[in-house]
Amino acid sequence: MTKILHVLKSFGHPNQPYTTNLIEKLNEASEQVVHEVICSKMFVESKKVKARTLNSNKALFSFKVFYFVLKSLFLDKHYKTILPDATLKNKFRFFLKWEPLLNQTVSVIHVHHLHVVPHELIHYLKLKPNKLIVSLRGKELVSDTVIKNQKAKFLNKVSNFDLVHVISNFMNQKAIAQGVPENKLRLIYRGFDFNLLKTEHIKESFDIKNKNKIKAICVGRFAWEKGQFYLLDSIFRLKNEGVFVNLDIYGEGSFREFLEYRIHQLGLEGQVVLKGHVPSSVLKEVYKNYDLAIQPSIYEALSNGLLDVTFHNLPTVVSSNGGMVEIISDGINGISFDICEPMQLDEAIIACLHLNAENLKAHNHKLRHKFSIEKELVEFNDMYKELC
């Protein structure tokens, strides 16, 4: 029996179903391979996947845990090279916290959130017989390595992994440019579960009764990298030209206060509404009520939200940066603009209203194979087999 252990920041969040759905389907795909989860926080337990959270001090009441920690501290020859300068107390806490991950035999450890796992632990795991995979995210490749100037630290951490998984060609090229060996990289696109796509929610009619009163939707965390402030400025400029875009922004985050202030400053109250976070099932029901979607991200590895609006046939404006142009083909199922020339967004919004509906629907249908969850499952299993 082959065991794959997935290390996550969180698991089972009802409004973030992608990772839970993926691991459950991987676990169902083969009786010879078992997938389990270790996470920092678990929201809802899965009935299909065994999952544990990292230990707290309460774990000391377990003889099994206590014995493992003592054995690791005094009998494991490797730990001294990993935590040479730590006090005995800190070493004890280290093994206590990570006991759920370390105290079992697995074939592959797949780290989905690199920042959750400390450098010391990755070094320690490298000395064990298991193989290591990491899934990189845009933040790690773009923000942390460039803005925070942590490229050397990033590469040192990633060098311990046997394979590096990325979700878009943009990420693949970015990883190579940052120094990740090309032979370690595995590109596997995000899979969309078309079983969740209901016919009655797919947009079929593209007629806009009033070209000067456009209904637009923007979905994403309220964060600087999502570029919503560019969108507010664009709507303000279009308003001054007599084109009124009514915008609903769905999401939540630390940038809310700034967006609220900017909406007030530009006099867009009532025209732009921050709708907050809603379940993905609710979003699927409202897409068809909008004329277009807009995603002006400064960088984006590959957006689950963009896949969702695309397969609901909503014409979409995206920035040409990142992996979004691997979903949106300019002039066919959406319009792309240069994020370094944000005033292009105004023209892109207008141009998106004139796309050919039949071409859009046909193109989106062809994308189904590239982004199907069935294809994703096969490629993940092939990646695991490569190491086992």
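Arg-256 and Glu-260 join their side chains in a salt bridge, with N and O 3.0 Å apart. A salt bridge here is a side-chain nitrogen of Lys or Arg within 4 Å of a carboxyl oxygen of Asp or Glu. The two residues are four apart in helix H10 (residues 256–265), so about one helical turn separates them. Helices are DSSP runs of H or I with at least four residues, strands are runs of E with at least two, and both are numbered from the N terminus.

Before going further, a word on the model. It is predicted, so local features need pLDDT of at least 70 and side-chain atom pairs count only at pLDDT 80 or more, while totals for chains, interfaces and linings use all residues. Residues are numbered from 1 along each chain as its sequence is written, and side-chain values use heavy atoms, leaving out hydrogens and water.

**Salt bridges**

By the rule above, the count comes to 16 salt bridges. Three of them are set out here.

| Pair | N to O distance | Location |
|---|---|---|
| Arg-256 and Glu-260 | 3.0 Å | helix H10 (residues 256–265) |
| Asp-308 and Lys-284 | 2.8 Å | helix H12 (residues 304–311) and helix H11 (residues 280–286) |
| Lys-361 and Glu-358 | 3.4 Å | helix H14 (residues 357–370) |

How exposed are the partners? Arg-256 is partly exposed at 21% relative accessible area, and Glu-260 is likewise partly exposed at 38%. The classes are buried for under 20% relative accessible area, exposed for over 50% and partly exposed in between, using a 1.4 Å probe and protein chains only.

Because Asp-308 belongs to helix H12 and Lys-284 to helix H11, the pair ties together parts that are 24 residues apart in sequence. Both of these residues are buried.

In helix H14, Lys-361 and Glu-358 are three residues apart, about one helical turn. Lys-361 is buried at 18% relative accessibility, whereas Glu-358 is exposed at 53%. Both also take part in a network of salt bridges with Glu-204.

**A buried glutamate without a salt bridge**

Glu-140 sits in helix H6 (residues 138–147). This residue is buried but has no salt bridge, and the nearest side chain of opposite charge, that of Arg-137, is 5.3 Å away. For charge, Lys and Arg count as positive and Asp and Glu as negative, with His and the chain ends not counted. What does lie 2.8 Å from a polar atom of the Glu-140 side chain? The backbone nitrogen of Arg-137 does.

**The second largest pocket**

The second largest pocket has a volume of about 320 Å³. On a 1 Å grid over the protein atoms alone, a pocket is an open set of points where a 1.4 Å probe fits, with protein on both sides within 12 Å along at least five of seven lines; lining residues have an atom within 4 Å of a point. The lining has 16 residues, and those nearest the centre are Phe-68, Leu-102, Asn-103, Gln-104 and Lys-128. Helix H2 (63–75), helix H4 (88–102) and helix H5 (119–126) each give two or more residues to this lining. H2 has the largest share, with three residues. By type, the lining divides into eight nonpolar, five polar and three charged residues.

**Asn-313**

Asn-313 has a phi near 65 degrees, a positive value in a residue other than glycine. Asn-313 belongs to the loop between H12 and strand E12 (316–319), and at 7% relative accessibility it is buried.

Note on methods: A polar contact is a pair of N or O atoms within 3.5 Å; within protein, one must be able to donate a hydrogen and the other to accept it, and residues adjacent in sequence count only if both atoms are side-chain atoms. Grid points are joined across faces, edges and corners, and a volume is the space filled by probe spheres set on the points. Ala, Val, Leu, Ile, Met, Phe, Trp, Tyr, Cys and Pro count as nonpolar, Asp, Glu, Lys and Arg as charged, and the others, Gly among them, as polar.
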